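User: I would like to learn how to read the main features of a structure. Please show me on an example.

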Amino acid sequence: MSTIIEVKNLAVSFHTYGGEVQAVRGVSFSVPRGSTVAIVGESGCGKSVTAKAMMQLLSCPPAEYKGGEILFNGEDILQKTERQMERIRGNEMGMIFQDPMTSLNPTLTIGRQITEGMMKHRAFNGKEAKEEAIQLLHLVGIPQPEQRFDQYPHEFSGGMRQRVMIAISLACQPELLIADEPTTALDVTIQAQILQLLKKLQEEMGTSILLITHDLGVVAETCDYVVVMYAGVVVESGTAEEIFANAQHPYTKGLLQSIPRLDQQRAQALRPIIGSPPDLMDPSPGCPFYARCEQAMRICKNHHPTLEHVNGEHYSSCWLRHPMAQVVR
Ligand code: SF4
Ligand code: MG
C-alpha cells in the first residue's frame, strides 16, 4: 500500500517566557493511502501540534520547527511557501476541528461556506456548486438539505454543525482529512454517528483519515492503525487490532484500562493513570513515562528506550521489550 503522508523525525518547540518547550521530539509515522490512522494521547502530548504541523498551521514564532520532514505525496510540506500551502489546504488536505462553532463563519450561510472552496479550487459555477453542496449535505446526513442550504450556523445543533464542518472539509475532495478531536464536544451517541459517518465517507470517496483523539475508546471501531504519543514522542504504534489485543507499552495498557467497557462488571473499576506528564521544558534523558510507570526499572531513569519491533507493523518504545532488560533490572 502506498503512503499518502509520512512524518519523519518531526521536532517542534515553543518559545515561551519560561523557556523552550520541546512539544514534539522526533515523531515518525505514516498514513497508508485510504486508511484511518489515529494518534492517541493525553492533552499536551504533542498530538495536535503534530497535526497542525502537517498542514503548516503553527505560527512561527512562538513555534519553531527543530527538524524532520513531512512528506505529503512525496513532497516536504515544511518546505512549501504559504502560497503553496493555501492551495494544498482545503484542496488536497482537509481539516476538522474540535469545536465547529469557532471554525464556522457565523455571518455566512452554510451553503456559502460549502460552495466557496468548490468555486475557488474546482472551478465550479454557482449552480454546479449549489447542486454539489446539497448532495454533500445529504451525504453527511443533514435532513432537508435544500432548505438548510440558506441557513446560518447558529440554526444548527452541535452535532449538525460538526456534520456541516465535515461537508465543508469534503467539498474539495481532499485526499487526506485531518480530524483533531472531532467529536470531543459532542455527546456519546452523536460521537458514534459522526465517526461512522467519517468511515462511510472514506469507503465512498477513498479519503485517507488522520484522527487525533485523547480517547482510545473511539478508535476501536473506526481506525486501522494507532499511534500512541506521550510527552512529545511516539511510545507505541501498530494496527488497531494489535494495539487492542496485544498492547506492550505500560502507558498504552494504562489507557486501555481507563476505557469504560459495556461488558465490564461495576466491581472492575476503571483505573486512571496516576500522576502527570513530565515537564517538556526540561525533559529527562530517560523514559518519559518513568515517573508514572509501575514497571519502571533502573535503566529507565536515565536512558531513553529504543523503539523495539514487536511483530508485523507493531513497535513499542519501552525497555521491557529489550532483551537485556531483565539482566540489568
Ligand atoms: Fe516503564 Fe521503563 Fe518501559 Fe518506560 S521504559 S514504560 S519506565 S518499563
Ligand atoms: Mg488538542
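**Reading the features**

Analyst: Helix 7 (residues 158-170) lies across strand 6 and strand 7 (176-180), running at about 170° to strand 6. Helices (H or I, at least four residues) and strands (E, at least two) are DSSP runs, numbered from the N terminus. Axes are lines fitted to C-alpha atoms, for helices over the stretch in contact (C-beta atoms, placed from the backbone, within 7 Å), and angles run from 0 to 180 degrees between N-to-C directions. This is a predicted model: local features need pLDDT of at least 70, side-chain atom pairs pLDDT 80 or more, while totals for chains, interfaces and linings use all residues. Residues are numbered from 1 along each chain as written, chains are lettered from A, and ligands are numbered from 1 in written order.

User: What is the order of the 8 strands in the open sheet?

Analyst: Strands pair if DSSP finds at least two bridges between them. Here the order is 6-7-8-3-9-10-12-11, with mixed pairing. Strand 6 (93-96) and strand 11 (307-311) each have a single partner strand, so one side of each lacks a neighbour in the sheet. The twist averages 20° from one strand to the next.

User: In which sense do strand 10 and strand 12 pair?

Analyst: Strand 10 (residues 233-239) and strand 12 (residues 314-317) are antiparallel, over 2 bridges. E236 stands opposite S316 in strand 12.

User: How many residues of helix 1 are buried?

Analyst: A residue is buried if 20 or more other C-beta atoms, placed from the backbone, lie within 10 Å of its own. In helix 1 (residues 47-54) that holds for 7 of 8 residues, among them K47 and M54. Just after helix 1, Q56 takes a positive phi of about 50°.

Notes
Two residues are in contact if their C-beta atoms, placed from the backbone, lie within 7 Å. A residue is buried if 20 or more other C-beta atoms lie within 10 Å of its own, exposed if 12 or fewer, and partly exposed in between; C-beta atoms are placed from the backbone.
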